[in-house]
Amino acid sequence: MLQKKPFLSAVSVLTIAMAMTSVAYGSTIAKTVSVASPAAATSSVMNVTAATSSVTSGGVPTVVQNSCMACHGLQGVSPDGGMFPNLAGQWKPYILRELDHFKAHTRADPLSPIMWGMVAPLTAAQTQQVADYFSSQKPASGHVYDPKLVAEGKKLYFGGLPKMQMPACMACHGTTLAGLPPFFPMLAGQKRTYVINQLTYFKSGQRVATHKGIMQYIATRLDQTQIAALAAYIRSR
Ligand code: HEC
Ligand code: HEC
């Protein structure tokens, strides 16, 4: 059944995962860097800078209300039925990394150009501000659309596909789907269409995963039925 020779064995994928996990535990540096900007913004003599990182009376960054809310929701939970991902509660280092990839056009799947336009005008202070804001919002709650599909997805999520040498999603995204910073994004409650799109883009090579092509390795072992089941399970959490 397996047509292509795996370029990584399941074991070496897991080794990478574990190595990345131990790096993650020691990553106070990333945190230190990421809290540096509000001070930088306020100490600026330019009132333009102060204005660009301003918040509404409700405590929402102006930039979120003006530029992000329409697609991602005011609190980072996007409207149902769309292709827009939830951002609420996503890890800050992951949000910052994706914003950088959109800025550099290195995330270039078919829907990325929408985001290229959104990140282009953001200042460094605003980029930090939106990442702080969305990562500290309450994650979306789960929703079960199709119990049968959810059960199939759950099996794949926790069991992987040993015959295809595909490790379980759980190994990197965790038993609660919370992911682990800085490398592994949270998946819990993510929109189905978005998950289906991303797994399809990883599979086709249209989205290039940052870390050793891990998600491409995974997604090329999944068919569209399995992708739909995984998306249903992820949405249910
Ligand atoms: C017009 C709709 C639209 C607006 C407005 C918008 N986005 Fe997006 N956003 C998208 C789409 C579509 C994607 C998925 C892109 C892809 O598949 O490459 C996305 C993806 C993202 C991601 C990656 C999420 C992930 O899980 O990988 C982040 C982070 C993000 N947007 C942040 C923002 C921020 C911050 C703003 C405001 C400055 C914003 N977006 C405004 C449509 C929008
Ligand atoms: C060996 C570790 C590993 C395994 C196993 C793994 N992932 Fe991932 N996953 C990642 C990494 C790392 C990323 C971030 C992508 C990047 O680096 O660009 C990611 C990203 C994703 C994304 C995109 C999230 C977003 O917000 O855009 C989805 C969806 C996803 N994984 C689903 C899965 C599913 C479903 C499985 C199981 C079939 C799985 N992953 C197994 C490491 C893993």
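In the predicted model, Phe134 is in contact with Gly76, Leu87, Ala88, Gln90 and Ile95, when neighbours within four places in sequence are left aside. Phe134 and Ile95 are also among the residues with the most contacts inside the largest nonpolar core, as are Val130, Leu199, Leu230, Tyr233 and Ile234. This core has 46 residues. At least two of its residues are supplied by each of H5 (62–72), H6 (92–103), H8 (124–135), H9 (147–159), H11 (192–204), H12 (214–219) and H13 (224–236). The largest share, seven residues, comes from H13. Both domain 1 (10–25 + 142–236) and domain 2 (28–42 + 61–135) contribute at least three residues to the core. In soluble globular proteins, nonpolar side chains tend to be buried together.

Val77 is located in the loop between H5 and H6. Val77 counts as buried because it has 20 C-beta neighbours inside 10 Å, and a residue is buried if 20 or more other C-beta atoms lie within that distance. Apart from neighbours within four places in sequence, Val77 is in contact with Asn86, Ala88 and Ala140. Ala88 is also in contact with Phe134. Between Val77 and Gly89, which are 12 residues apart along the chain, the C-alpha separation is 9.4 Å.

Ligand 1 is surrounded by 23 residues, of which Cys68, Cys71, Leu111, Ser112 and Met118 are the closest. H5, H6 and H7 (112–119) each supply at least two residues of this shell. H5 gives the most, with six residues. By class, the shell consists of 16 nonpolar, four polar and three charged residues.

Note on methods:
Residues are numbered from 1 along each chain as its sequence is written. Chains are lettered from A and ligands numbered from 1 in the order in which they are written. This is a predicted model: local features need pLDDT of at least 70, side-chain atom pairs count only at pLDDT 80 or more; totals for chains, interfaces and linings use all residues. A nonpolar core is a set of buried Ala, Val, Leu, Ile, Met, Phe, Trp, Tyr and Cys residues joined through C-beta atoms within 7 Å. A residue is buried if 20 or more other C-beta atoms lie within 10 Å of its own, exposed if 12 or fewer, and partly exposed in between; C-beta atoms are placed from the backbone. Helices (H or I, at least four residues) and strands (E, at least two) are DSSP runs, numbered from the N terminus. Domain bounds come from an automatic or database domain assignment. Two residues are in contact if their C-beta atoms, placed from the backbone, lie within 7 Å. A residue is near a molecule or strand if its C-beta atom, placed from the backbone, lies within 6 Å of it. Ala, Val, Leu, Ile, Met, Phe, Trp, Tyr, Cys and Pro count as nonpolar, Asp, Glu, Lys and Arg as charged, and the others, Gly among them, as polar.
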